Amino acid sequence: MADRRSGSISTRKLPQQARSTELVAAILEAAVQVLAKEGAQRFTTARVADKAGVSVGSLYQYFPNKAAILFRLQSDEWRQTSQMLHDILEDRRDPPPKRLRRLVVAFIRSECDEAEVRGALDDAAPLYRDAPEARAARGAMDGTMAAFMREAAPRSSEAVRVRAAELITSTLAAVGKDYSSRPRRADEIADYADAVADMLCAYLKTLRRG
């Protein structure tokens with residue numbers, strides 16, 4: 001993949017004025033469109049700038065290279081997913097099994113809704129997956145799941161809960177990626193999500209027994 005101006009994945013500067021904020025938003029919207037259409041291999045800052053109707057120089061004021069744009073898109077996706085995990089798993093109005101079911105359904109639906117962009121971001125992951133920013137984003141999601149497992153399976157050992165959290169998150173990621181690899185109808189998504197939720201909730205039930 002070409003278009004490497006530097007190794008940084010951080011933005012050059014944060015927008016301070018409304019006009020700058022609108023420019024960054026336009027760049028990111030254009031980046032999503034280019035990524036969905038062209039894929040990670042043909043994604044370039046020039047194509048993004050052209051789609052956004054701005055100069056490459058204006059784009060580079062905020063994003064030093066395409067890796068920075070892609071990481072911003074990925075970090076925004078991670079942030080949304082992390083917030084979804086937090087909102088669902090920490091909603092103590094429902095018992096843990098019901099919360100886990102809600103999470104499975106919401107996650108698989110979102111994977112299918114945003115399949116093109118998420119698939120392209122997976123292809124681009126080598127550009128930023130080992131960066132400190134990426135590890136911090138993943139850590140936030142891991143922390144939410146760990147806290148949920150401590151509540152959901154208090155009789156299990158910490159080692160078992162850690163393993164369970166890893167198994168649930170890795171299973172969701174794998175099945176979500178595989179299932180969203182082609183278009184699905186809404187009823188198909190609902191049925192599949194329910195089946196995955198049945199499986200994971202049955203596993204959680206065994207953990208809750210200790």
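This briefing covers the pockets and cysteines of one predicted model. Local features need pLDDT of at least 70, side-chain atom pairs count only at pLDDT 80 or more, and totals for chains, interfaces and linings use all residues. Residues are numbered from 1 along each chain as its sequence is written, and side-chain values use heavy atoms, without hydrogens and water.

**Largest pocket**
- The largest pocket holds about 760 Å³ of space. A pocket is an open set of points on a 1 Å grid over the protein atoms alone, where a 1.4 Å probe fits, with protein on both sides within 12 Å along at least five of seven lines.
- It has 24 lining residues, with Trp 78, Phe 107, Arg 138, Met 141 and Ala 173 closest to its centre. Lining residues have an atom within 4 Å of a point.
- α8 gives the most to this lining, six residues. Helices are DSSP runs (H or I, at least four residues), numbered from the N terminus.
- The lining splits into 11 nonpolar, four polar and nine charged residues.

**Second largest pocket**
- About 290 Å³ of space lies here.
- Of 15 lining residues, Ala 115, Glu 116, Ser 180, Ser 181 and Arg 182 lie nearest the centre.
- α5 and α6 each give two or more residues to the lining; α6 gives the most, with five.

**Cysteines**
- There are zero disulfides, a disulfide being a pair of cysteine sulfur atoms within 2.5 Å.
- The sulfur of Cys 201 is 18 Å from the closest cysteine sulfur, in Cys 112, so it is too far for a bond.
- Cys 112 is buried at 17% relative accessibility, and Cys 201 is buried at 12%. Buried means under 20% relative accessible area (1.4 Å probe, protein chains only).

Key
Buried < 20%, exposed > 50% of the residue type's maximum accessible area, 1.4 Å probe, protein only. Points joined across faces, edges and corners; volume = space filled by probe spheres on them. Nonpolar A, V, L, I, M, F, W, Y, C, P; charged D, E, K, R; others polar.
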